[in-house]
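Work through the exercises below with the structure in view. Try each task before reading its solution.

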Amino acid sequence: MRSGIRQRLAQAIPLIDGRVVEVHQTSASIEKPYVLLIQGADVEDNQWTGFRAQFEVWPYVSQTEFTDVDKLSDLIMLALDRQVIIDPDTNEVFTCQYQGNVAADKADVERDGITRGLRFSVMAARSYEGTVAVEDDTWLVALTNWSSVVLGNEWHVYRERWPLDYIRPSVLWRLENIEASAGNRAAFELKKRIVGHVIGRTLNEQTTKTLELVHRLNSSTKIPLDLPNRRYLTLLNPIADLELDSITEGQISLTLTRKIERPVEESPLMQQINYHSIL
């Protein structure tokens with residue numbers, strides 16, 4: 001990841017002329033402006049995202065005005081925030097998200113510059129290599145197919161996990177839990193809680209598409225599970241929470257439900273009835 005971030009910053013910000021350095025490379029004599037890159041610890045996240053790491057990016061400018069720090073910080077945000085990056089050394093695919101400033105603006109006497117720390121969380125999808133293959137859930141497949149039609153060809157729709165080569169804009173549907181109600185002797189009701197992650201190329205596109213998708217889910221009420229046999233899934237309570245993280249939590253939640261017939265127990269046929277009267 002480090003190489004990918006360094007390359008993205010160098011390519012996207014001509015102002016620094018490729019000067020992306022690490023702590024051991026810094027000194028007061030380095031030509032400014034430049035960017036100091038510090039990597040934090042990797043943290044295992046969850047099944048659908050893989051793991052996260054923390055990076056700090058410090059833009060350094062000469063001791064003039066903090067407006068110069070503002071300009072360089074804005075360029076760093078454009079280069080990294082919500083961008084999909086490919087590491088040139090490993091071909092690893094990951095996404096950066098801005099998490100806020102590390103601390104207040106400061107004058108760094110040792111490095112003879114002024115700076116501000118920007119913290120980024122980096123999500124890298126987990127490879128499927130070495131994992132046990134799991135059969136696709138037919139309900140998730142049905143929701144994916146329905147979403148592909150509704151969203152159009154420009155959007156990519158995934159199931160269960162983010163692939164290493166995922167493309168924006170995209171939606172990920174994953175199964176959160178399953179619940180079965182008692183029902184009666186003939187059938188029971190099966191419910192599956194589904195979470196949706198919407199990732200746009202911009203925050204505005206992401207928000208707009210999330211609300212549009214929830215509106216379509218609410219207006220549809222049912223989606224096809226098996227059209228030839230006229231089997232459908234009922235949609236319950238689709239809601240969106242735009243405050244939730246699009247990658248790790250998912251902004252959309254809904255319930256899919258369907259009545260399932262109980263299997264009929266086969267019993268041997270009655271071959272003969274004997275009747276004996278004592279009268």
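**Exercise 1.** State where Tyr232 is found, decide whether Tyr232 is buried or exposed or in between, and list what Tyr232 touches.

*Solution.* Step 1: the model is a predicted one, and in it Tyr232 belongs to strand E13, residues 231-240. Step 2: the relative accessible area of Tyr232 is 38%. Buried requires under 20% and exposed requires over 50%, so Tyr232 counts as partly exposed. Step 3: leave out residues up to four places away in sequence; Tyr232 then touches Lys222, Ile223, Pro224, Leu225, Leu227 and Arg258. Step 4: look also at Trp139, which is 93 residues from Tyr232 along the chain; the two C-alpha atoms are separated by 9.7 Å.

**Exercise 2.** Find the residue that lies over the face of Trp139.

*Solution.* The residue is Lys192, at 4.4 Å from the ring centre of Trp139.

**Exercise 3.** Classify the ring pair of Tyr34 and Tyr60, and explain which parts of the chain the pair ties together.

*Solution.* Step 1: the structure holds 2 aromatic pairs. Step 2: in the pair of Tyr34 and Tyr60, the ring centres are 5.1 Å apart and the planes are at 5°. Step 3: planes under 30 degrees apart count as stacked, so this pair of Tyr34 and Tyr60 is stacked. Step 4: Tyr34 is in strand E2 (residues 34-46) and Tyr60 is in strand E3 (residues 50-61), so the pair ties together parts that are 26 residues apart in sequence. Step 5: both Tyr34 and Tyr60 are buried.

**Exercise 4.** Describe the largest nonpolar core and the elements that supply it.

*Solution.* Step 1: this core has 24 residues, and those with the most contacts inside it are Ile5, Leu9, Val57, Ile76, Leu80 and Cys96. Step 2: at least two residues each come from helix H1 (2-12), E2, E3, helix H2 (66-80), strand E5 (93-101) and strand E8 (118-124). Step 3: H2 gives the largest share, 5 residues. Step 4: take Leu80 and set aside its neighbours within four places in sequence; its contacts are Ile5, Arg8, Leu9, Val57, Ile85, Cys96 and Phe120. Step 5: a second, separate core has 23 residues, among them Leu140, Trp146, Ile194 and Val214.

Conventions:
Residues numbered from 1 in each chain as written. Predicted model: local features only at pLDDT ≥ 70, side-chain atom pairs only at ≥ 80, totals over all residues. Heavy atoms only, no water. Phe/Tyr/Trp six-rings, centres within 6.5 Å; stacked < 30°, edge-to-face > 60°. Helix = DSSP H or I, 4+ residues; strand = E, 2+ residues; numbered from the N terminus. Buried < 20%, exposed > 50% of the residue type's maximum accessible area, 1.4 Å probe, protein only. Lys NZ or Arg CZ within 6 Å of the ring centre and 35° of its normal. Core = buried A, V, L, I, M, F, W, Y, C linked by side-chain atoms within 4.5 Å. Contact = heavy atoms within 4.5 Å.
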